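The structure comes first, and the description follows.

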Amino acid sequence: MGVKLLLEKAHVPGIRYIETYRKEGGYRAVEKALKQMDPASIVEEVKKSGLRGRGGAGFPAGMKWSFIAKPEGVPRHLVCNADESEPGTFKDRYLMEFIPHLLIEGLIVSSFALGSNDTYIYIRGEYAWIVDILEQAIEEAKANGFLGKNILGTGFDCNIYVQRGAGAYICGEETALIESLEGKRGNPRIKPPFPAIEGLWRRPTVVNNVETLAAVVPIINMGGDEYAKIGVGRSTGTKLISACGNINKPGVYEIDMTISVEEFIYSDEYCGGIANGKRLKACIPGGSSVPILPANLLLKTAKGETRYMNYESLSDGGFATGSMMGSGGFIVLDEDQCIVKNTYTLARFYRHESCGQCSPCREGTGWMEKILKNIDTGKGKMSDIDLLWDIQRKIEGNTICPLGDAAAWPVAAAIRHFRDEFEWHVNHPEEAQKRNYGLAHYADPIHVPA
Amino acid sequence: MSEQPLFKVTIDNITVEVPAGTTILNAARKIGGDVAPPAMCYYSKLEGSGGKCRTCLVEVSKGSEKDPRPMPKLVASCRTTVMDGMEVKNITSDRVMDARSGVVEFLLINHPLDCPVCDQAGECHLQDLSYEHGKAGTRYEFQRRTFKKHDLGDKIQLHMTRCILCYRCVFTADQLTGKREHGVLDRGDHAEIATYIEKNLDNEFIGNVIDVCPVGALTDKTFRFKNRVWFLKPMDAHRDCPTCSGKVTLWNRGDEVFRVTARKDQWGEVEDWICNTCRFDKKQTSDWVIEGPRLIDRHSVISQGHYAGSVGTHKPTETFEAVHAGRQPKLLMDIHSVSEVNKPEITLSKLDRPAHSTDFTSNKD
């Protein structure tokens, strides 16, 4: 069993309520942080812990916190990004649903560290029942003196507000989230200025993912140095992985980033192997926007080394032979899955979710979707594959926000690794409607199911 | 007042000094000519505009004197401020030209290309951009996005099919008229400019949205289909207007005033906003004090005949032989074969230019 920091107590009966949560050692971090530490030393601890943003980009959280501008007389804000909309990612939902006080505790400590008296949780609209859970947790925390005016007699005031989004994926991008929180259309802002300088209501703002803020609690409790000892290299601490797809045990798992991908998929402690005794074909290891990897590159890197479940190892080989840790949405595809259809589904999602502000993403995502639909339904041409490649190349990096990249990468990776499957669809349009391409050369080379 | 520090910035190997806080685009405009990146959404008079169309992307090959690292991605020059010692590549960068041609392609895939019936043709920024950076053919094989035409009040028509979602009109309506009634509905490639939901735009200055529109999406209903802009003669004129500056450009043909617009500078940006009364109601020469002909920078492809250089000499890839399965082109009737005056042995179809009398006199004697 690996180390568990976030979900260790998640299944204690009644942990959703503050009495049980405190009995299990909850709100110790708030007392420690507010009474024994000052904001600067909390930021220092988080820096020492090496905690990286859990939302997808993996930017060191302590660094992000230290960038926040501190002009005199201007309030600062902390915003919790709970707009978890990436297909395949559902770790924040699990955390907020089962152990909401962990997030509230992390938010209080982080608000104190950043000097935010008004802290917001921006939650996706579809998580309607979680809003109730969080609001109840906030009420309980208030009643127990952990929120509101003069928390624990330290003179620090903090209020947490829950704001529901209207269900747009783009509002998970931090500047679009801020726009939406201000009541405007959720269009990403053009950076610079970054939110740390000019964010919510043009005030310095830090936007962090739910899991990042929850991880602040164990960091304060055990100290940054201790936290950094868990994990490997620059991938410190534990990470929630939401595993789904053709596996025996889909669900949210907390891993300490030292296990291998093979172990994660096949061990009974985690995914429990591929469902129905099928073989592994491919995997999207970090949520729908990261490049898909065929089985042979997933379990071993291009150099033949074992691939581990951490930031560095998953991105080993760059985009040519690697992928990304992303948000931890681990989607497994077995031999019966069609990569073309999968790519088409993803392209349809990004077309639907593009905000329409900048032209490459607005027009390019729709174009890619139409071409992929043609290939999928047997109307594709061989030149369409090269055209797709060219379109994704012209979207990537040329847009305001990362949604353009997120739309381009899955298409690029699918063509890069599974071009033969695309060509088969073009050359055998009728057969492709009836049967699947199967594994071909990218079957996993090492695992033979019993 | 203290002197603002001047920053040295080099764009396409031309160095210029600009005050701190200037954007790359404005520095390039100071140099002018081909160095200035095209801009479809940026409008210097509108706060918050720019960054959306991505046609002004440039490569920053040297960040600044202090931090000479290049920027990894192409940046939108309209929203990136210059640093001292910055080096920028615009037309000298293959990456930029490649990305720009991609953006043009994206902008055009859902554009109807109905220039022959569009009132904006001849002063359309998208038309110019496509001639300068686009390709002759399209790779888009799907149905284009279309919308119904909407009337925004009795003087302005919105034809969303042509819109490239530059947001300029939204900023204009927001910032000029102080009353927000006009915005963007939906998202992605089905986003549309709209008044919620079909209200009229009713404001003294709302006519200016027509001037800021880079394409023919917003048109003046008092001018629609009345004339082509290249037949009209622009004249500077003014009148004593109680609401605006009254400084306009009249577009005349003969003595008739076909339309009134604000005066635009060489980048196609309005100098002074004008009111609806001046724009829509004062269409008599007697309403105006004519100052004289306006020198318009006729940068448009049609006025300049740019197209002769790029498209006119463009050789089609499909030859007659290819289309007709190897059959040679044949004149239906070669007049020389029946004429006794000329030499019948000359096959005119072999000449790759118009026949000249010397063709007949110089040979076979």
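## Helices H5 and H9 of chain A

H5(A) and H9(A) are oblique to each other, a class for angles that are not under 35 degrees (roughly parallel), over 145 (roughly antiparallel) or 65 to 115 (roughly perpendicular). Helix H5 covers residues 91–98 of chain A and helix H9 residues 210–222; they pack at about 50° with axes 9 Å apart. Axes are lines fitted to C-alpha atoms, for helices over the stretch in contact, and angles between N-to-C directions run from 0 to 180 degrees. Helices (H or I, at least four residues) and strands (E, at least two) are DSSP runs numbered from the N terminus.

Lys91(A), Asp92(A), Leu95(A) and Met96(A) of H5(A) make the contact with Val210(A), Glu211(A) and Ala214(A) of H9(A); two residues are in contact if their C-beta atoms, placed from the backbone, lie within 7 Å. By class this contact has four nonpolar, no polar and three charged residues. Ala, Val, Leu, Ile, Met, Phe, Trp, Tyr, Cys and Pro count as nonpolar, Asp, Glu, Lys and Arg as charged, and the others, Gly among them, as polar.

## Basis of the model

The model is predicted: local features need pLDDT of at least 70 and side-chain atom pairs count only at pLDDT 80 or more, while totals for chains, interfaces and linings use all residues. Residues are numbered from 1 along each chain as its sequence is written, and chains are lettered from A and ligands numbered from 1 in the order in which they are written.

## Sheet of chain A

Four strands of chain A form an open sheet in the order E3-E2-E1-E4, with parallel pairing; two strands pair if DSSP finds at least two bridges between them. Strands E3 (159–164) and E4 (205–209) of chain A are at the edges with a single partner strand each, so one side of each has no neighbour in the sheet. On average, neighbouring strands are turned by 20° against each other, direction ignored.

Strand E1 (residues 76–82) and strand E2 (residues 116–123) of chain A run parallel and are joined by seven bridges. Leu78(A) has Thr119(A) in E2(A) as its bridge partner. Helix H6 (residues 100–114) of chain A lies across E1, E2, E3 and E4 of chain A, at about 150° to E1(A).

## Domains of chain A

Chain A is divided into domain 1 (18–229), domain 2 (235–334) and domain 3 (339–442); the bounds come from an automatic or database domain assignment. Over C-alpha atoms, the centres of domain 1 and domain 3 of chain A are 36 Å apart. Their contact takes 10 residues from domain 1 of chain A and eight residues from domain 3 of chain A.

## Helices H15 and H16 of chain A

Helix H15 (residues 339–353) and helix H16 (residues 359–376) of chain A cross at roughly 155°, and their axes come within 8 Å. That makes H15(A) roughly antiparallel to H16(A).

Strand E1 (residues 6–11) and strand E2 (residues 14–19) of chain B pair in the antiparallel sense over six bridges, and Leu6(B) stands opposite Pro19(B) in E2(B). The two strands form a hairpin with two residues between them, where Asp12(B) in the turn has a positive phi of about 50°.

In the contact between the chains, 23 residues of chain A meet 26 residues of chain B. H16(A) gives the most to the side of chain A that touches chain B, with nine residues.
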